[in-house]
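The sequence and structure come first.

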Amino acid sequence: TTREEPTPHRRLMSLRMSMLLAGAGAASGLMVGLPPARRAWAVRMAALDELAAMQGPAIVWGPEGVPLGYEETDIKAYEGFGRFVAACQQYRVYPPPGSTILVPADSAFDRAPVEVTADVLRYHIITGGAKELDKLVTDQPTLQGGTLTAYRKFRKNYLDSVSISPLPNWPANVRTRDGCMIHAVDSILVPGAYQNTGGYTSALAAPVMSAEPPFPTGAPEPTPPPVAEPPAAERGFGFTSASQNAGQSSIARAGQGSSGASVASRPVKPATPVSASKKVAEPILVQGGSLRTWSYQSPLVEQVQLKLSTEGRPLDADIELWHGPDNTPCKMRVYVENGEVRPFRAVIETPRGPNTVAIRNIGQLEFPFAANVISEDLNQPSPNCLASFMTIQGGALRTFPFDSSVNSVQVLIKTDGRPLNSRIELLQGPNNNKQVI
């Protein structure tokens, strides 16, 4: 066979075609048609573009949805992050590729303590690489130039005053096309606003406020009407939850099985003087990991009241009522963020004695609490509490919001003789449980 040699003209055409193909292949990875400045801008916008399309946690209807035919836990909408994206575009704040971004949800902007400026936005961008949540346990430098202070409080990790512990249904550890790491947070971070006080903020020492306006100067204080002890048919498990703190709070109760519940707020009431002949039991200090019991042999003791408090540290306790061997008709798990600001009080029915109340401190050794159980001069449900009963079906949720003027609330729950299984939370702000029972 014979092979035809290419002519010089054909060699030139083949060389030109190879150069064109090579140029097209090199340009395909560099955003063909964009000048270098536009290409850099597009890369910096990649994280914001993904944030704008990201879906946040669900927003439920809450108590306002019940009159409209919704359950409180039904989903009304979803959180987004468009306001953070819009603010970054307005102030031309673009996260560098490979950085870590703490992105506040849209609802956080409604609670922002200051005007959101470019400095505030840069304070949410951590330099030094894309880091997952479990790596943010040390102080973090920011694009703004300041430093986010890391600490651990109440079994959660914090940067400044914002919890960075994983929250259900909140985006976390999301990596973008340009290598950024995104974590959603529920509050706005403000440069210089956090003061390192060992992790305990000064808000815990807020003044106590009464639920009623003060009496006019010179006017005699009205005498409250006596509250008669409710009959046995109206009794149930009741406790008083202190809500001392600035800002709005709410009681949320989830039921498992049909039961009746009532919540009533009350003002600060002066302590009733105790006669010298009546001996008041002193509280007992319960160390972490230890157990203390109070036994009542007389069948005449049908109710007891317990009080748990600390000196400002968290409170974590198991409470049980023992009635005979291997019979525990009442069990509670109680967690309180600060046992001094919000001491826990509860009245437990103890019919058909003898009975024993057992209180176990399941916290660490560094978190002791004071416990006291009495059987005389017990707190009784107020008329408002008895008159505001509602039925909560199994698996349902009911919330009771109240403002900062309320000092404490009474919660009374009972059933028609069936088992009672419920979870009661004192919430203050999103994902911020002050008490859990």
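## Salt bridges and surface

D416 and R418 join their side chains in a salt bridge, at 3.6 Å from N to O; the term stands for a side-chain nitrogen of Lys or Arg within 4 Å of a carboxyl oxygen of Asp or Glu. D416 is exposed at 62% relative accessible area, and R418 is exposed at 58%. Here buried means under 20% relative accessible area, exposed over 50%, and partly exposed in between (1.4 Å probe, protein chains only).

The model is predicted: local features need pLDDT of at least 70, side-chain atom pairs count only at pLDDT 80 or more, and totals for chains, interfaces and linings use all residues. Residues are numbered from 1 along each chain as its sequence is written, and side-chain values use heavy atoms, without hydrogens and water.

The whole structure has nine salt bridges, including these:

| Pair | N to O distance |
|---|---|
| R333 and D316 | 2.9 Å |
| K331 and E320 | 4.0 Å |

R333 is in strand 19 (residues 330–336) and D316 in strand 18 (residues 315–322), so this pair ties together parts 17 residues apart in sequence. Strands are DSSP runs (E, at least two residues), numbered from the N terminus. R333 is partly exposed at 44% relative accessibility, whereas D316 is buried at 9%. K331 is exposed at 59%, and E320 is partly exposed at 25%.

Y78 belongs to strand 2 (residues 75–78) and is partly exposed, with a relative accessible area of 44%.

Of the 437 residues in the chain, 40% are buried.

Definitions and conventions
Helices (H or I, at least four residues) and strands (E, at least two) are DSSP runs, numbered from the N terminus.
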